[in-house]
Amino acid sequence: MGAVHAEFLKLKRSLAWTVVALLPAAMAVAGAVNTIAAGQQPEDGWHTVWLRSAVFYGLFPLATGIGILASLVWRVEHRGGNWNALMSGPVSSLRIVAAKAAVVAVLAAAMQAVLLAAVIAVGRLAFALPGMPPARYFWISLLIMLACVPVAVLQSGLSMLMRSFAGPIAVAFLGAAAAVVMLMAELPAAVLVPYALIGRATQLGTGTFGDTGAITPWAVATTAIAAVVLTAALTAATTAVLNRRDTRA
Amino acid sequence: MSHIVATDGLTKRYGKRAVVQNLDLRVPTGCVYGFLGPNGSGKSTTMKMLLSLVQPSSGEVRVMGRPMNRATRRRLLADIGSLIESPPGYAHLTGRENMRLVQRTLGLPEGQVEHAVRTVRMHQQLDKRVRDYSLGMKQRLGIAMALARRPRLLILDEPTNGLDPAGIEEIRELLRRLADAGVTVMVSSHLLGEIDRTATMLGILSGGRLIFQGTRAELLAASTPDVLIDGSEPERANALLQAETGSRLDGASVRVPGLDDKATARAVALLVGAGIGVHGVRRDEQSLEDVFMDLTGGGGL
């Protein structure tokens, strides 16, 4: 836990917190503004507010946002002598990879929590909806947080390998675009693509894609299992790469 | 003599280009080892191989008697502090926060970290952000981070780079104190003058090869200063000696390189036999810098 704690200390005064707060909040507000500008009311109550906030967020901004968070988390290591200091400590590669990925995953989970809070705020303040959203949106949020973990590991690995700040973010954007195509084509292999996994999880219950209309135990189970398996595989692969690589000159 | 670092045939190639070739380093335990060489001579690559940051193409590294490789590095690195290339430190955090990071990551007791800070005399500046530090303060913070784990071996790559004379003297003094405290220090520089008075052992690298390893006195003894011969007919004396010794005229003297004592006697006998009056024979004074320049081809100073 020491390594993870240390990684969180590095986030002090980091722009990552701004991304965590603003990106999902902006999505929820944009959804509300579109609805109000069109002179509409959320006809299905909380479901409509959720749809208008989460659907687009899950298609591109979420993956791109995780890419930005990973680049921010690794940027400090690519400066000065920090990389050499990190790699010449008595710390295993697995611990370095896992600690960084855990921080990115927690930040991604925090983004999802902010999105949920923003949906509640928009529903109550902008549309005067009564009470709280149904429990299923809380459960879906937990599933989205889990589905974000393999993307966090993958983006963290890319940001570890690439000194460029924008490079891994571009990969996340392209990955999200490819995932949309796979999900629209209803390819079964989409479950093995991390970006498609968050696309699928965020669209559960919305009917955006063929298999995301109903929240079935099968859909939940496959998403959860794929998240766990992909996380383990990507962590192992990233650790192996770090173990075998020379530090750069 | 026990060696805390020993390498055998250590070589690193990038493609066909050999950056370090057949290095047989021997760093005695408890010394300050000055690792010298011009820029680009392979010092940083060698130090990275000692820390297993870079894997050798061939050869072996032994640290504290054990082979250093991917399997053993984690255990060995617990006893090695290092500062490679530029000083570490997260610029957006204060010095204190950086030290806390080291403490948390390595699970060290607080007192140990405080001791490292006091050793580099940084405790007054710990609450400033690292981005506001001078280069000297960044170097000292980097050394404090390396010292926090109480290493037996400290590997410092050009810690005086970019420092003003006062900063260089501070680092020298710190290295002496660390050596007195029993820490073996291996410190690299491309400037002999920066570390020759601090180092008890010197290793000189040129073009990726170790061209000298020994004490300061051995380094001076390893070179043969030119002989200057003053006589009645310098031009004729030079003509007699040139073919065999590569001599040349130097003002009113004849400068003869690479002559040992016996060869000097033979040269004098040759000149006297040819009827040339020999008024004086002396060895040219050579500083350590001259020796270093000769050995490295002048690239380091």
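This is a predicted model: local features need pLDDT of at least 70, side-chain atom pairs count only at pLDDT 80 or more; totals for chains, interfaces and linings use all residues.
In chain B, an unreviewed UniProt entry lists residues 5-232 as "domain: ABC transporter".

In chain A, the axes of helix H2 (residues 16-37) and helix H4 (residues 61-75) come within 10 Å and cross at roughly 170 degrees. Because of this angle, H2(A) is roughly antiparallel to H4(A). The contact joins A:Ala16, A:Val19, A:Val20, A:Leu23 and A:Met27 of H2(A) to A:Pro61, A:Gly65, A:Ile68, A:Leu69 and A:Leu72 of H4(A). By class, nine of these residues are nonpolar, one is polar and none is charged.

Four cavities of 30 Å³ or more were found in the whole structure. The largest cavity holds about 370 Å³ of space. Its lining comprises 23 residues, with A:Ala85, A:Leu86, B:Tyr90, B:Val102 and B:Thr105 the closest to the centre. At least two lining residues each come from H1 (2-10), H5 (82-87) and H6 (93-125) of chain A and from H3 (95-106) and H5 (135-147) of chain B. H3(B) provides the largest share, four residues. The lining of the largest cavity divides into 13 nonpolar, six polar and four charged residues.

The second largest cavity has a volume of about 140 Å³. Among its 14 lining residues, A:Met87, A:Leu242, A:Asn243, A:Arg245 and B:Leu53 lie nearest the centre. H5 and H10 (217-244) of chain A each contribute at least two residues to the lining of the second largest cavity, which comprises four nonpolar, five polar and five charged residues.

Note on methods: Residues are numbered from 1 along each chain as its sequence is written. Chains are lettered from A and ligands numbered from 1 in the order in which they are written. Side-chain values use heavy atoms; hydrogens and water are left out. UniProt positions are given in the numbering used here, feature names are shortened, and annotations may be inferred rather than shown by experiment. Axes are lines fitted to C-alpha atoms, for helices over the stretch in contact, and angles run from 0 to 180 degrees between N-to-C directions. Angles under 35 degrees count as roughly parallel, over 145 as roughly antiparallel, 65 to 115 as roughly perpendicular and the rest as oblique. Contact means heavy atoms within 4.5 Å. Ala, Val, Leu, Ile, Met, Phe, Trp, Tyr, Cys and Pro count as nonpolar, Asp, Glu, Lys and Arg as charged, and the others, Gly among them, as polar. On a 1 Å grid over the protein atoms alone, a cavity is a set of points where a 1.4 Å probe fits but cannot get out, and a pocket is an open set with protein on both sides within 12 Å along at least five of seven lines; lining residues have an atom within 4 Å of a point. Grid points are joined across faces, edges and corners, and a volume is the space filled by probe spheres set on the points.
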